[in-house]
Amino acid sequence: ADARERDGGHRQPRGWRDLWRQERGKGAQEVFVWCRALGSWYDSSSGMSGWLKRAATFRAKTLVRSTVRVRGERDESPLLSQRRFAAHMRTAQTAMAASNSPVADVVEAARGIFSKRPPPHKITEKDVEGILTSLERITVAQVGLTKKAGEERCRTERLLRMSPQEQRKSRPPITYHHIYECRDFTVGIFCIPENCDIPIHNHPDMTVCSKVLYGKVHLEAYDKAPDLESSMQALEAPDTLYARKVRDEIISEGDGPVACFSEKANIHRFYAEESCAILDVLGPPYDSGEGREIAYYREIALGELGGLGKRLGNNVVVLQEVSPPNDFVVEGRPYTGEQVGED
């Protein structure tokens with residue numbers, strides 16, 4: 001029982017120092033867990049268990065304080081004990097903040113769908129609604145990109161006064177900020193400099209939810225069109241396929257998140273009209289051992305197709321699988337935003 005029960009429930013402790021002194025003086029052969037991270041006191045048999053479920057990274061053992069004295073053990077000074085307890089409180093509050101952060105909400109929403117490993121072709125926009133809603137709330141400040149966003153806006157203004165050759169020399173690399181990864185999904189941010197792109201690529205048996213955090217990006221997305229294989233002539237070029245372009249638009253931070261599915265908009269390209277950052281949730285991750293290996297494509301120009309190019313309908317294109325361009329490089333960068341708790 002805690003201090004309230006011993007006093008008949010008539011008095012709330014004035015603070016953790018009072019409660020610590022009160023219980024230490026009695027020398028009770030018990031273990032107490034005190035926590036004020038939620039603004040209320042909890043005993044170890046009831047409320048704490050619920051709190052622990054919400055604070056994913058919190059370890060209960062760091063708050064356990066036993067009043068049992070071991071033979072030969074020296075008394076710890078009250079000041080040192082108080083300092084240690086205060087440090088435990090800061091750890092608990094940090095854990096709670098991580099578990100309740102908008103970035104953690106994205107991870108939990110992704111876990112809710114991808115940990116069940118539903119058949120990829122059965123996942124719909126309604127299934128990922130929670131992920132899209134969570135992505136909608138993410139800001140550059142929450143993911144530690146406020147400074148970078150400001151620098152990129154200034155760089156864009158300077159580019160307007162440069163020649164094309166000078167622009168190429170001053171162009172920074174595409175970077176990736178890893179946030180979270182498990183066997184079921186990954187979360188991370190691609191930062192793409194102006195006039196650079198992530199080439200046309202696919203996501204076999206995967207679902208991707210994306211949100212532009214700053215800047216403007218030209219999104220082109222395609223659906224495979226196997227139905228055209230029989231109605232049109234066979235393609236002579238190797239590793240080619242018919243596809244329909246289903247999205248061709250510019251999206252910015254003011255627009256909502258977008259999603260691509262295993263059989264809908266699964267092949268896409270991001271081209272940075274302005275330097276931009278894109279938060280990606282991808283599930284399940286690429287894994288060549290399970291048949292999810294990335295492939296890159298180029299859109300074949302109509303002139304290369306001869307007479308076939310004239311017969312293609314609106315939005316019908318031919319994609320050819322190719323190696324990624326030599327100048328396509330993505331460099332890793334540390335993630336400095338709100339932290340996400342471990343599993």
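Is Cys-196 buried or exposed?

Author: This is a predicted model, and what follows should be read as such. Cys-196 is buried, with a relative accessible area of 12%. Its sulfur has the sulfur of Cys-276 as the closest one from another cysteine, at 9.6 Å, which is too far for a bond. A disulfide needs two cysteine sulfur atoms within 2.5 Å, and the structure holds zero disulfides. Cys-191 is likewise in no disulfide; the nearest cysteine sulfur to it, again that of Cys-276, lies 8.1 Å away. Cys-191 is buried too, at a relative accessible area of 3%.

The largest pocket has a volume of about 420 Å³. Strand 3 (174–181), strand 4 (186–192), strand 5 (197–201), strand 10 (267–272) and strand 11 (276–283) each give two or more residues to its lining. That lining is made up of 19 residues, and those nearest the pocket centre are Tyr-176, Phe-190, Asp-280, Leu-282 and Tyr-286. By type, 11 of the lining residues are nonpolar, six are polar and two are charged.

Strand 5 also holds His-201. This histidine counts as buried, at 7% relative accessibility. Beyond its neighbours within four places in sequence, His-201 is in contact with Asn-266, Ile-267 and His-268, with Tyr-286, and with the run Ile-294, Ala-295, Tyr-296 and Tyr-297. Tyr-286, listed here as a contact of His-201, is also one of the residues nearest the pocket centre. Glu-321 is 120 residues from His-201 in sequence, yet the two C-alpha atoms are 8.9 Å apart in space.

Strand 11 leads on to helix 6. Together with helix 5 (102–114), strand 6 (207–214) and strand 9 (258–260), strand 11 is among the elements that cover the buried residues of helix 6. In helix 6 itself, residues 129–136, the buried positions are Ile-131, Leu-132, Ser-134 and Leu-135. Viewed down the helix axis, these buried residues fall within an arc of 165 degrees, so they line one face of helix 6. An α-helix has 3.6 residues a turn, so residues three or four places apart point the same way.

As for the chain overall, its secondary structure comes to 10 helices and 14 strands. Of its 343 residues, 43% are buried. Among contacts between residues at least 6 apart in sequence, 77% join residues at least 24 apart.

How values were computed. Residues are numbered from 1 along each chain as its sequence is written. This is a predicted model: local features need pLDDT of at least 70, side-chain atom pairs count only at pLDDT 80 or more; totals for chains, interfaces and linings use all residues. Side-chain values use heavy atoms; hydrogens and water are left out. On a 1 Å grid over the protein atoms alone, a cavity is a set of points where a 1.4 Å probe fits but cannot get out, and a pocket is an open set with protein on both sides within 12 Å along at least five of seven lines; lining residues have an atom within 4 Å of a point. Grid points are joined across faces, edges and corners, and a volume is the space filled by probe spheres set on the points. Helices (H or I, at least four residues) and strands (E, at least two) are DSSP runs, numbered from the N terminus. Ala, Val, Leu, Ile, Met, Phe, Trp, Tyr, Cys and Pro count as nonpolar, Asp, Glu, Lys and Arg as charged, and the others, Gly among them, as polar. Buried means under 20% relative accessible area, exposed over 50%, partly exposed in between (1.4 Å probe, protein chains only). The arc is that of the directions from the helix axis to the C-beta atoms. Contact means heavy atoms within 4.5 Å.
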